[in-house]
Amino acid sequence: MASLSPLFLPHHLKISAPKFPKIYTKPTLVLCKASVSETHSSESVSGPDGTGAAAPTRGQKFLEHQLSLEAMTEKKTETKKKKKMMKKEKVLKVSMAVATCYGCGAPLQTADSDSPGYVDPETYELKKKHHQLRTILCGRCRLLSHGHMITAVGGNGGYSGGKQFVTAEQLREKLSHLRYEKALIVKLVDIVDFNGSFLARVRDLAGANPIILVVTKVDLLPKGTDFNCVGDWVVEATTKKKLKGGMFTFWLGSANVGKSAFINALLKMIGQKDPVAAAAQKYKPIQSAVPGTTLGPIQINAFLGGGKLFDTPGVHLHHRQAAVVHSEDLPVLAPQSRLRGHSFPNSRVASDNGTASEVQSSDLNGFSIFWGGLVRIDILKVLPETCLTFYGPKALRIHMVPTDEADEFYQKELGVLLTPPTGKERADDWRGLETERQLRIPYEDVERPACDVAISGLGWISIEPVSRSIRQSDSDSDLNLKDKAGELHLTVHVPKPVEVFVRPPLPVGMVGAEWYQYRELTDKEEEVRPKWFF
């Protein structure tokens, strides 16, 4: 509470004594007894307060007046408090009056069957009669729970209620009160799409509240990955993003990052010891591969002490691939099993006729690599030993053709070999790979990858100046690879909203632990460095 500043007055200013009424300046007239004759003469007219000896004195009248003033003041204060409480109760009743689907958080409605939150009118009235609206699962969530792909992105094959998809700015507006409350913020990031799913400016939203960063889907990383290296890599990547390590807990993240799945797993674990969390599992949020499954904040009573969890809507980040593909192609973007890197030129790749074949040339210069119909990489200038390894969904097939044939190949095979988009009809509506980014990638150490090129919403490509297999085979030869340093030139083509990130290489697989280098820290850096746990 702010302290009050002292009040200073000029030394020449004289403060005169206050002038009080006569009754204050001569208290003896009030306190001393009066003779009967004097009182009778002054109160000769009968009144309701009595006459003669029974008439009240001036002092009594003054005290009664003061008491009445105090009573009026107290009454006004109580009235203000009641009005304030009534206003709070009214706001609370209004907020609780809107029942929502426990699966997605969308407001329940009976008007539009194609929009989220729809419930059959008879079911709605029956549940309302028995005060069970909080146990309703809307029609959209029922379809999602049975594997149907119903996206919330309007204009991309989604339903008519696509406007309910939450943007980053809308989520910040909805949760702007968090910076003034005591809460724990849990932010989730997808390790497969680390840069694309990283929700920015969460610190502005959280205020001074602590933030815990949870990295999901680490079980999808290649077999043999050293999580000590991955944890250190994540800390290095987030150190400059201003994250800190019975209260409320809010779970934030981009769409389809795994918030609902994480909460459901947490409830299952806590429910082993906490009966409230065990009961909450009966009406837990719906989880699916569709971005935008959760459309509104979902409150979950999960602790004996009265604490609550809030599952928030996934933030629609327009720069991810999920924002541009058709709803029926969304499952292709979601990895369903452990990732395996596909390296070029050392892998078998699909040729232009759809069959697998070996790349005869070990030199990638002059070739273009298509990652489905979503990414094209033109290799302009690399070493003969350079290797590109793709990490992403297995369903996206990779095709390699000479660059001078790439345009014709894309026009011919889009929707057929190059999918998504799937089918010629969707391919005709496809706007193509409108964004072109020129990359100049410097390297100094050929014993480790130079960088990762991450495609928002899809995966990443590890860029090795010299392939590991070549380094091993030529270790005893006259070729001195350690002395090589230079620059690699690539051009990446993606759909217009999709972003391309160049980042330090993520150490995955058994070989990742071999080349990953831990940065030496000072005592001060070690003290303030965020800690990670697996």
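Mentor: One term before we start: a residue is buried if its relative accessible area is under 20%. Also keep in mind that this is a predicted model.

Trainee: Okay. How many of the residues of strand β2 are buried?

Mentor: Eight of the eight residues in β2, which covers residues 183–190, are buried, so the strand is largely enclosed by the rest of the structure.

Trainee: Which residues are on each side of β2?
Mentor: Ala183, Ile185, Lys187 and Val189 sit on one side. Leu184, Val186, Leu188 and Asp190 sit on the other. Both faces are covered. In a regular strand, side chains alternate between the two faces of the sheet.

Trainee: Which strand is joined to β2, and by how many bridges?
Mentor: Strand β3, residues 211–216, is joined to β2 by six bridges. The two run parallel.

Trainee: What about Ser176, where is that?
Mentor: Ser176 is in the loop between α7 (168–174) and β2. It is partly exposed, at 38% relative accessible area. Ser176 is also 30 residues from Ala206 in sequence, yet their C-alpha atoms are 8.1 Å apart in space.

Trainee: Zooming out now. How many helices and strands does the chain have?
Mentor: The chain has 17 helices and 19 strands. It has 534 residues, and 43% of them are buried.

Trainee: Let's do a helix. Which residues of α10 are buried?
Mentor: Lys259, Ser260, Ile263, Asn264, Leu266, Leu267 and Ile270. They cover an arc of only 160 degrees around the axis, so they lie on the same side of α10.

Trainee: And what's on the other side of α10?
Mentor: Lys268 and Met269 are exposed there.

Trainee: How far does α10 reach?
Mentor: From first C-alpha to last, α10 reaches 16 Å with its twelve residues, close to the 16 Å expected.

Trainee: New topic: Thr389. Buried or exposed?
Mentor: Thr389 is buried, because its relative accessible area is 5%. You'll find it in strand β13, residues 387–391.

Trainee: What does the side chain of Thr389 make a polar contact with?
Mentor: The side chain of Ser343, at 2.8 Å. Thr389 also touches several residues beyond its sequence neighbours, including Gly341, His342, Trp460 and Ser462.

Trainee: Where does Ser462 lie?
Mentor: Ser462 lies in strand β17, residues 459–464. It is buried too, at 8% relative accessible area. Its contacts include Cys387, Leu388, Thr389 and Tyr391, and also Pro449, Cys451 and Asp452.

Trainee: Another strand, then. How many residues of β14 are buried?
Mentor: Four of the five residues in β14 (398–402) are buried, so to speak mostly covered. Strand β11, residues 367–371, pairs with β14 in the antiparallel sense over five bridges. In one of these strands, β14, Met400 is the bridge partner of Ile369.

Trainee: Where do they sit?
Mentor: His131 is in the loop between α5 and α6 (139–145). It is exposed, at 74% relative accessible area. Lys217 is in the loop between β3 and α9 (227–238). At 27% relative accessibility, Lys217 is partly exposed.

Trainee: What happens at the start of α5?
Mentor: A side-chain oxygen of Asp120 comes to within 3.1 Å of the backbone nitrogen of Glu122. Helix α5 covers residues 121–129.

Trainee: Last one. Where are the cis peptide bonds?
Mentor: One runs from Phe344 to Pro345, with omega near 15 degrees. Pro345 is in the loop between β8 (342–344) and β9 (348–350). Another joins Thr419 and Pro420, with omega about -10 degrees. Pro420 is in the loop between α13 (406–413) and α14 (424–429). Most peptide bonds are trans.

Key
Residues are numbered from 1 along each chain as its sequence is written. This is a predicted model: local features need pLDDT of at least 70, side-chain atom pairs count only at pLDDT 80 or more; totals for chains, interfaces and linings use all residues. Side-chain values use heavy atoms; hydrogens and water are left out. A polar contact is a pair of N or O atoms within 3.5 Å; within protein, one must be able to donate a hydrogen and the other to accept it, and residues adjacent in sequence count only if both atoms are side-chain atoms. Buried means under 20% relative accessible area, exposed over 50%, partly exposed in between (1.4 Å probe, protein chains only). Two strands pair if DSSP finds at least two bridges between them. Contact means heavy atoms within 4.5 Å. The expected span of a helix is 1.5 Å times one less than its number of residues. The arc is that of the directions from the helix axis to the C-beta atoms. Lists of a residue's contacts leave out its neighbours within four places in sequence.
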